Amino acid sequence: MSLRSKEPIKVLIVDDSTSARTMLRRIVESDASLTVLGAAGDAFAAARLMKVQLPDVILLDLELPGMDGITFLKRIMQQRPLPVVVCSSLTEFGSEKSLEALEAGAVEVILKPAPTDERSRQEAAIRICDAIHAASQSRRAEAPRPRGSEPRPVGPKLTADEVLPPPNPSRIIPVTDPVICIGASTGGTEALRVVLEMLPPDAPAIAIVQHMPQGFTNAFAKRMNALCAIEVLEASDGVALQQGRAVIAAGDRHLLLRRVGGGYRGSVIEGPYVSRHRPSVDVLFRSAAVQAGANAMGIILTGMGDDGARSMGEMRAAGSLTLAQDEASCVVYGMPREAVEMGSAVQTLPLTKMAAAIMHFARNHKLKVAG
């Protein structure tokens, strides 16, 4: 292991609120593998700090005096690209600007925390520290740290068993309409756009878990719906998963499949963090293994960590086709790599070939049903 990999990740906090800067500093410094390089109240102060020493990751608020966060982000990407995590308020303005920031080059969006109890504080710390670690591993980082070199933030790491029991191998699952389950994290908003935009209007039903904060998933779904030939919407409890529709898990809620007749509906539930996330890909994939089996296809896209890898193995054991995004097209080759190394993913594919694989699976499934 190199000396570089043992050094803490240097974080620059940029936020105009003194109290927010203090809170974020405390959260960052709660992780021994992170250190605060500096804290700035505006973009100009941040630029002065960066002239002295460059951070590994910038934690950026978008509502700044003088020069707004989007303009500052664009200048960073033009002059000296660095991993940027956007820390935004839960407002309609904040959600739209955060999506614009992702399109401008930010690698992650997190909700500016307002923790009111110990559990909320712990979950906020998990979200923020995990986002910083993911950003430091992204392709935007000049020298990504070796896998496994960074300590993880303190916090629970529960399995899908906390939400629903594992599949019964002897249970017979009837043939139904095909359903596609997709999981993604860091870099996933752009990856999903590529996949969903390439799908025709008759694409099979799709359920998606993208790690995003509460409130931001609805804005993301609306953005995708405007760009795609299929319908894209945020999940609500009981939503029909049907041909020509993609349903995105709501931030801070788990999404599960529930078989109804020859098709599926989505169940939106509360529950603990699973694999350090809510929504969790492991929860969605576990429900697919239990409810859909060979009627389902599982796809795991770019992201840090291992959320989805274990339950994708359950999907494969239940007869599902399982795919992982290849390393070359990932922003962070973490979740797909874990799925491949565990033997959960049958095949790896470039991002641009995922839509064709989805349609091929759907056509073959219909032939199997007809036969």
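Analyst: In this predicted model, helix H5 (92-104), strand E5 (108-111), H7 and H8 each contribute at least two residues to the lining of the second largest pocket. Among these contributors, H7 provides the largest share, five residues. The pocket holds about 450 Å³ of space. Its lining comprises 31 residues, and those nearest the centre are Leu-102, Ala-106, Gly-187, Thr-189 and Glu-190. By class, the lining consists of twelve nonpolar, twelve polar and seven charged residues.

Two of the contributing elements, H7 and H8, also pack against each other. The axes of helix H7 (residues 188-197) and helix H8 (residues 216-227) come within 10 Å and cross at roughly 30 degrees. Angles under 35 degrees count as roughly parallel, and H7 and H8 are therefore roughly parallel to each other. Their crossing is right-handed. On the H7 side, the contact is made by Thr-189, Leu-192, Arg-193, Leu-196 and Glu-197, and on the H8 side by Phe-220, Met-224 and Leu-227. This contact of H7 with H8 includes five nonpolar, one polar and two charged residues.

Thr-189 links the two descriptions: this residue of H7 takes part in the contact with H8, and Thr-189 is also among the lining residues that lie nearest the centre of the second largest pocket.

Methods. Residues are numbered from 1 along each chain as its sequence is written. This is a predicted model: local features need pLDDT of at least 70, side-chain atom pairs count only at pLDDT 80 or more; totals for chains, interfaces and linings use all residues. Side-chain values use heavy atoms; hydrogens and water are left out. Axes are lines fitted to C-alpha atoms, for helices over the stretch in contact, and angles run from 0 to 180 degrees between N-to-C directions. Helices (H or I, at least four residues) and strands (E, at least two) are DSSP runs, numbered from the N terminus. Angles under 35 degrees count as roughly parallel, over 145 as roughly antiparallel, 65 to 115 as roughly perpendicular and the rest as oblique. A crossing is left-handed if the near helix is turned anticlockwise from the far one by less than a right angle, and right-handed if clockwise. Contact means heavy atoms within 4.5 Å. Ala, Val, Leu, Ile, Met, Phe, Trp, Tyr, Cys and Pro count as nonpolar, Asp, Glu, Lys and Arg as charged, and the others, Gly among them, as polar. On a 1 Å grid over the protein atoms alone, a cavity is a set of points where a 1.4 Å probe fits but cannot get out, and a pocket is an open set with protein on both sides within 12 Å along at least five of seven lines; lining residues have an atom within 4 Å of a point. Grid points are joined across faces, edges and corners, and a volume is the space filled by probe spheres set on the points.
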